[in-house]
Amino acid sequence: MNRLISSVTNQSTFLMVLNLDNFHAINATYGYRVGNKVVQEIASRLKYVPIIDHVVGRMDGNEFIVLAPIDEAEFAEHGNTYANWIIEAIERPIEGISHEPIRLTASSGVSLLTGDYMNRQTQVYAAEALMQQVKLDGKAGTLFVNQARELEQHPFEHVLEKELGQALA
């Protein structure tokens, strides 16, 4: 994933981190061979989502990352459209792999990558944190990093400040 993030130039970039919900149930119900085919099908679908110049990477098991160049001023409008296209591709039933269609949902976090490498890493962590929040809130959803909220821009800064304060006390 770091190599994928590093490959993006200083252009502002749409970032979506997503995790397939309840994927362990697919492996438990249909076996790992079907689970692997499901992951391959999802990867293929994500590759062909109609987003210009986007890149898809598999982060871990059933987690993916989608990156696409986007104008910072258009992020609010087009970022939502991109996220919807990605989720629609995942939620289309997968047929022909098992005796019945397989239905999936995903939990995801979306951010706008801007600035230097360290800021980009922070934004990746923020998107991952929001993806985890969607999971905790019941799954099958997407949360966007609010560019105007400092806490979401730098999710670990508050934790570090609090822990540093406690360590020095």
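Arg45 and Glu41 both belong to helix α3, where they stand 4 residues apart, about one turn of the helix. Helices here are DSSP runs of H or I with at least four residues, strands are runs of E with at least two, and both are numbered from the N terminus. The side chains of Arg45 and Glu41 form a salt bridge, at 2.9 Å from N to O. The term salt bridge denotes a side-chain nitrogen of Lys or Arg within 4 Å of a carboxyl oxygen of Asp or Glu. Side chains of opposite charge can pair when their charged atoms come close.

Buried means under 20% relative accessible area, exposed means over 50%, and partly exposed lies in between (1.4 Å probe, protein chains only).

## Basis of the model

The model is a predicted one, in which local features need pLDDT of at least 70 and side-chain atom pairs count only at pLDDT 80 or more, while totals for chains, interfaces and linings use all residues. Residues are numbered from 1 along each chain as its sequence is written, and side-chain values use heavy atoms, with hydrogens and water left out.

## Overall organisation

The secondary structure of the protein consists of 7 helices and 5 strands. Read from the N terminus, the elements follow the order α-β-α-α-β-β-α-β-α-β-α-α. The protein has 169 residues, and 43% of them are buried.

The structure contains 2 salt bridges. One of them joins the side chains of Asp21 and Lys135, at 2.6 Å from N to O. Asp21 is in the loop between β1 and α2, and Lys135 is in helix α5 (residues 117-136), so this pair ties together parts that are 114 residues apart in sequence. Asp21 counts as buried because its relative accessibility is 3%. Lys135 also counts as buried, at 19% relative accessibility.

## The nonpolar core

A nonpolar core is a set of buried Ala, Val, Leu, Ile, Met, Phe, Trp, Tyr and Cys residues joined through side-chain atoms within 4.5 Å. The largest such core has 30 residues, and those that touch the most other members are Phe14, Met16, Leu20, Val38, Ile42, Ile86 and Ile90. Two or more residues each come from β1 (13-20), α2 (23-30), α3 (32-47), β3 (63-69), α4 and β4 (106-113). Which element gives the most to this core? Helix α4 does, with 7 residues.

## A negative surface patch

Asp71, Glu72, Glu74 and Glu77 form a negative surface patch. Patches are made of residues with over 30% relative accessible area and no salt bridge; like charges are joined within 9 Å, and nonpolar side chains (Val, Leu, Ile, Met, Phe, Trp, Tyr) within 5 Å. Glu77 counts as exposed because its relative accessibility is 57%.

Another member, Glu72, has a C-alpha 5.9 Å from that of Ser12, although the two residues are 60 apart in sequence. Ser12 is situated in the loop between α1 (2-6) and β1. With a relative accessible area of 11%, Ser12 is buried.

## Residues in the loops

Asn22 is in the loop between β1 and α2, and at 37% relative accessibility it counts as partly exposed. Lys139 occupies the loop between α5 and β5 (141-144). Lys139 likewise counts as partly exposed, at 31% relative accessibility.

Asp137 is also in the loop between α5 and β5, and it counts as exposed at 57% relative accessibility. The C-alpha atoms of Asp137 and Ser107 are separated by 9.8 Å, and the two residues are 30 apart along the chain. Val49, in the loop between α3 and β2 (55-60), counts as buried at 6% relative accessibility. Between the C-alpha atoms of Val49 and Ala89 there are 7.2 Å, with 40 residues separating the pair along the chain.

Definitions and conventions
Accessible areas come from the Shrake-Rupley method with a 1.4 Å probe; for residues, only the protein chains shown count as cover. Lys and Arg count as positive and Asp and Glu as negative; His and the chain ends are not counted. The place of a charge is taken as NZ of Lys, CZ of Arg, CG of Asp or CD of Glu.
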